[in-house]
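The sequence and structure are shown first.

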Amino acid sequence: MTILFAPSEGKKSGGTLPPIAKDAFCFPNLYSYREEVIKKYNNFLLNASNEELKKLFGVKDEKLIEHYKTDIFTLNSMKAVERYDGVAYTYLDYENLSEKAQQYIDDNLIIFSNLFGPICAKDRVPEYKLKQAEKIGEFAPEKFYKEHFSNELDAYLETNGPIVDLR
């Protein structure tokens, strides 16, 4: 069984795992596409005006702009299922599940991240900010991921039993 989850705009800070790299994500054969999006985000992050970043992040606080204006490839990470902090994640209560239940979630939960595309619960992600459905400049990550990940994701879902779509 595969469980499909939406991301959350809220994210927990920190992380003790290494920064992102090819081994941080499921679907490693598609990492070059994922990396292309992350590089576009990172480049925009490091070169955009504060007004452009306010729109990208969906925030107005200048301190938050500075907090998120960091090279994403240098940030420590944590498991995706632990990074996101929304209602569904609160109810999942991953931290209080048994080790066996956590392993099941790690292996069977796919999160549809706006920045990273389809990721597994155990994938490593840094702290970042991207408003839901926001473009990175003129670039639309969701369209890019749909084009480049759909076939692989469909094949994965076909071979991994029933699907529970909680998006």
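A nonpolar core is here a set of buried Ala, Val, Leu, Ile, Met, Phe, Trp, Tyr and Cys residues joined through side-chain atoms within 4.5 Å. Buried means under 20% relative accessible area, exposed over 50%, and partly exposed in between, with a 1.4 Å probe and protein chains only. The model is predicted: local features need pLDDT of at least 70, and side-chain atom pairs count only at pLDDT 80 or more, whereas totals for chains, interfaces and linings use all residues. Residues are numbered from 1 along each chain as its sequence is written, and side-chain values use heavy atoms, with hydrogens and water left out.

**Nonpolar core**

The largest nonpolar core has 49 residues, and those touching the most other members are F25, Y41, F57, L115, F116 and I136. At least two residues of this core come from each of β1 (2–5), α1 (31–47), α2 (50–57), α3 (62–68), α4 (80–83), β3 (109–113), β4 (117–120) and α7 (141–159). These elements are DSSP runs numbered from the N terminus, with helices (H or I) of at least four residues and strands (E) of at least two. In soluble globular proteins, nonpolar side chains tend to be buried together.

Contact means heavy atoms within 4.5 Å. Leaving aside residues up to four places away in sequence, F57 touches Y41, L45, I65, Y68, K129 and K131.

**Aromatic pairs**

Rings of Phe, Tyr and Trp (its six-membered ring) pair if their centres lie within 6.5 Å; planes under 30 degrees apart count as stacked, over 60 as edge-to-face and the rest as tilted. The structure holds 12 such pairs.

| Pair | Centre to centre | Angle between planes | Class |
|---|---|---|---|
| F27 and F149 | 6.5 Å | 90° | edge-to-face |
| F27 and Y156 | 5.7 Å | 80° | edge-to-face |

Ring pairs link F27, Y33, F139, F144, Y145, F149 and Y156 into a cluster.

F144, a member of this cluster, is found in helix α7. Its relative accessibility is 9%, so F144 counts as buried.

**Largest pocket**

Pockets were identified on a 1 Å grid over the protein atoms alone: a cavity is a set of points where a 1.4 Å probe fits but cannot get out, and a pocket is an open set with protein on both sides within 12 Å along at least five of seven lines; lining residues have an atom within 4 Å of a point. Grid points are joined across faces, edges and corners, and a volume is the space filled by probe spheres set on the points.

The largest pocket holds about 270 Å³ of space. It is lined by 16 residues, of which F112, P118, E142, Y145 and K146 are the closest to its centre. β3, β4 and α7 each supply at least two lining residues, and the largest share, 9 residues, comes from α7. By class, the lining has 8 nonpolar, 4 polar and 4 charged residues. In this count Ala, Val, Leu, Ile, Met, Phe, Trp, Tyr, Cys and Pro are nonpolar, Asp, Glu, Lys and Arg are charged, and the others, Gly among them, are polar.

**Helix α6**

Which residues of α6 are buried? They are Q102, I105, D106 and N108. The buried residues of this helix pack against β1, β2 (77–79), α4, α5 (87–92), β3 and β4. Q102 has a relative accessible area of 18%, and N108 one of 14%. Not counting residues up to four places away in sequence, Q102 touches Y94, E95 and L97, while N108 touches M1, T2 and I3.

**Backbone phi angles**

Most residues other than glycine have a negative phi. F27 has a positive phi of about 55° although it is not a glycine. A133, likewise not a glycine, has a positive phi of about 65°. A133 is found in the loop between β5 (124–126) and α7 and, at 62% relative accessibility, counts as exposed.
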